[in-house]
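I am opening my notebook on a structure that is new to me. I will write down what I looked up, entry by entry.

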Amino acid sequence: MDDNTKKEILGALIKKEWEKKNFTQDKLCSFIEIDPRNLGRIEKGKSFPSFRTSCKIIETLKVEPNYFFGFV
């Protein structure tokens, strides 16, 4: 699996999870302290989140790390 595919899958999983938890993109960005444009790039598979951002997403959405990275 190439990196672009991994980015797309991860971005889709993040978006699916915050929608499931009834968050808005702005609310999640506020909690994880990133700009909504950055989260948009992650969700669209344009970039990977940093380690720090990944940890904050996992903590905020209360998911196991394997939920986001188990497909790798």
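Which residues does Thr53 touch, not counting residues up to four places away in sequence? I kept in mind that this is a predicted model, and I found that Thr53 touches Ile32 and Ile34 when those sequence neighbours are left out. I placed Thr53 in helix α4, which covers residues 51-61, and I noted that Thr53 counts as buried because its relative accessibility is 7% and the cut-off for buried is under 20%.

**Helix α4.** I then looked up the buried residues of α4, which are Thr53, Ser54, Lys56, Ile57, Ile58, Thr60 and Leu61. I saw that the buried residues of this helix pack against α1 (3-20), α2 (25-32) and α5 (65-69). After α4 comes Lys62, and I wrote down that its phi is positive, near 55 degrees.

**Phe23.** I found Phe23 in the loop between α1 and α2, and with a relative accessible area of 16% Phe23 is buried. Leaving out residues up to four places away in sequence, I listed Trp18, Leu28, Phe31, Thr60 and Leu61 as the residues that Phe23 touches; Thr60 and Leu61 are also among the buried residues of α4. I also looked up the C-alpha to C-alpha distance from Phe23 to Leu13, which is 14 Å for 10 residues of sequence separation.

**Salt bridges.** How many salt bridges does the structure hold? I read the number as five, and I followed some of them in turn. Glu17, Lys20 and Lys21 are linked in a network: the side chains of Lys20 and Glu17 meet at 3.4 Å, N to O, while the closest N and O atoms of Lys21 and Glu17 are 2.4 Å apart. Lys20 and Glu17 both lie in α1, three residues apart, about one turn of the helix. I noted that Glu17 is buried at 2% relative accessible area, whereas Lys20 is exposed at 56% and Lys21 is partly exposed at 31%.

I turned next to Glu33 and Lys56, which form a salt bridge with their closest N and O atoms 2.2 Å apart. Glu33 lies in the loop between α2 and α3 and Lys56 in helix α4, so this pair ties together parts that are 23 residues apart in sequence. Glu33 is exposed, at 52% relative accessible area, but Lys56 counts as buried, at 17%.

**Surface charge.** My last entry concerns a positive surface patch, formed by Lys15, Arg41, Lys44 and Lys46. I located Arg41 in helix α3, residues 36-43, and recorded Arg41 as partly exposed, with a relative accessible area of 42%.

Terms used. Residues numbered from 1 in each chain as written. Predicted model: local features only at pLDDT ≥ 70, side-chain atom pairs only at ≥ 80, totals over all residues. Heavy atoms only, no water. Patch = residues over 30% accessible without salt bridge, like charges linked within 9 Å, V, L, I, M, F, W, Y side chains within 5 Å. Areas by Shrake-Rupley, 256 points an atom, 1.4 Å probe, with all protein chains shown as cover. Salt bridge = Lys/Arg side-chain N within 4 Å of Asp/Glu carboxyl O. Lys, Arg positive; Asp, Glu negative; His and termini not counted. Charge placed at Lys NZ, Arg CZ, Asp CG, Glu CD. Helix = DSSP H or I, 4+ residues; strand = E, 2+ residues; numbered from the N terminus. Buried < 20%, exposed > 50% of the residue type's maximum accessible area, 1.4 Å probe, protein only. Contact = heavy atoms within 4.5 Å.
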